[in-house]
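Let's take a walk through this protein together. Have the sequence and the 3D view open, and follow along as each part comes up.

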Amino acid sequence: MRKSKNIILHGLFIVLLAGCSKNYIPTGDEVILFQVDYTNTHTGNQHYGYYIDNKGNVFTYSNPTVWNSPDSLFVFSNTGIMENLSYCIKSEIRIPPEELNKFAGYIKNIASTKVTARKMVGTGKGTLKYICFQRSETSDQYKGFIIREEGNYTCANLNYFSKRTITWLSDINSRLTDK
């Protein structure tokens, strides 16, 4: 129940925020580390969430008309990520460097750990994904790794640090909805 309430509150916050600010203009030196992404096509076309970059900035989005998704191997081009950022709004929340470095340090462990099989639950409440990214400097691409997926489909990363990261990302979500 709390998760559903949190998702609804987050969506309302994003919609309100989207009406108050202009889209972010990416500089090109952002490196995306985390994403929380909610989609629901069952009860209307809903798509919102946020990115966190390597500087601790939190970029929110709500129902963008154009959106780049990863390929079947969960790889994003840098161009696609930068275009997605151009549809985002830079929130007032900034993650302190020590906190960000702690969780960014978990990405390598999460990326090398197995994820449970994806199960269709079919709740009709949409799907919420917690994702971390590694950026390749040589290919200028991002590789995404599911930390957890919940809602219509469920799966979870089995790494010890995944639970801590989910709690942290959920806390950021709460801070976004409490503003």
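## Getting started

What you're looking at is a predicted model. With that naming in hand, the protein comes to 5 helices and 9 strands. Reading from the N terminus on, the elements go α-β-β-β-β-α-β-α-α-β-β-β-β-α.

Buried residues make up 46% of the 179 residues. Among contacts with a separation of 6 or more, 69% come from residues 24 or more positions apart.

The average pLDDT is 85, and 84% of the residues score at least 70. One stretch is another story: over residues 4–21, pLDDT stays under 50. The model still has 30 contacts beyond four places in sequence for that stretch. Where pLDDT is low, the predicted coordinates should not be read in detail.

Now look at the loop between strand E3 (57–62) and strand E4 (75–77), where you'll find Asn63. Its phi is near 45°, a positive value in a residue other than glycine. Asn63 is partly exposed, at a relative accessible area of 38%.

Asp140 sits in the loop between strand E7 (127–136) and strand E8 (141–151). Here phi is near 55°, again a positive value in a residue that isn't glycine. Asp140 has 33% relative accessibility, so it counts as partly exposed.

## A helix among strands

Next up is helix H2 (residues 78–86), whose buried residues are Asn78, Gly80, Ile81, Met82, Asn84 and Leu85. What do they pack against? The list has strand E1 (32–40), strand E2 (46–53), E3, E4, E7 and E8.

Strand E1 also holds Val36. Is Val36 buried or exposed? With a relative accessible area of 4%, Val36 is buried, because buried means under 20%. Leaving out residues up to four places away in sequence, Val36 touches Tyr48, Gly49, Tyr50, Tyr61, Leu128, Lys129, Tyr130 and Leu169. Take Leu128 from that list: Val36 and Leu128 are 92 residues apart along the chain, yet their C-alpha atoms are separated by 7.1 Å.

## Where H3 meets H5

Helix H3 (residues 97–104) and helix H5 (residues 160–178) have axes that come within 10 Å and cross at roughly 140°. The crossing of H3 and H5 is left-handed. Which residues meet there? From H3 come Glu99, Leu100 and Phe103, and from H5 come Arg164, Thr165, Trp168 and Arg175. Sorted by type, the residues of this contact are 3 nonpolar, 1 polar and 3 charged.

Zoom in on Arg164, which lies in H5. Arg164 counts as partly exposed, at 38% relative accessibility. Not counting residues up to four places away in sequence, Arg164 touches Phe103 and Tyr106. Arg164 and Phe103 are 61 residues apart in sequence, and 8.6 Å lies between them in space, C-alpha to C-alpha.

How values were computed
Residues numbered from 1 in each chain as written. Predicted model: local features only at pLDDT ≥ 70, side-chain atom pairs only at ≥ 80, totals over all residues. Heavy atoms only, no water. pLDDT = per-residue confidence, 0-100. Contact = heavy atoms within 4.5 Å. Axes fitted to C-alpha atoms, helices over the stretch in contact; angles between N-to-C directions. Helix = DSSP H or I, 4+ residues; strand = E, 2+ residues; numbered from the N terminus. Left-handed = near helix turned anticlockwise from the far one by under 90°. Nonpolar A, V, L, I, M, F, W, Y, C, P; charged D, E, K, R; others polar. Buried < 20%, exposed > 50% of the residue type's maximum accessible area, 1.4 Å probe, protein only.
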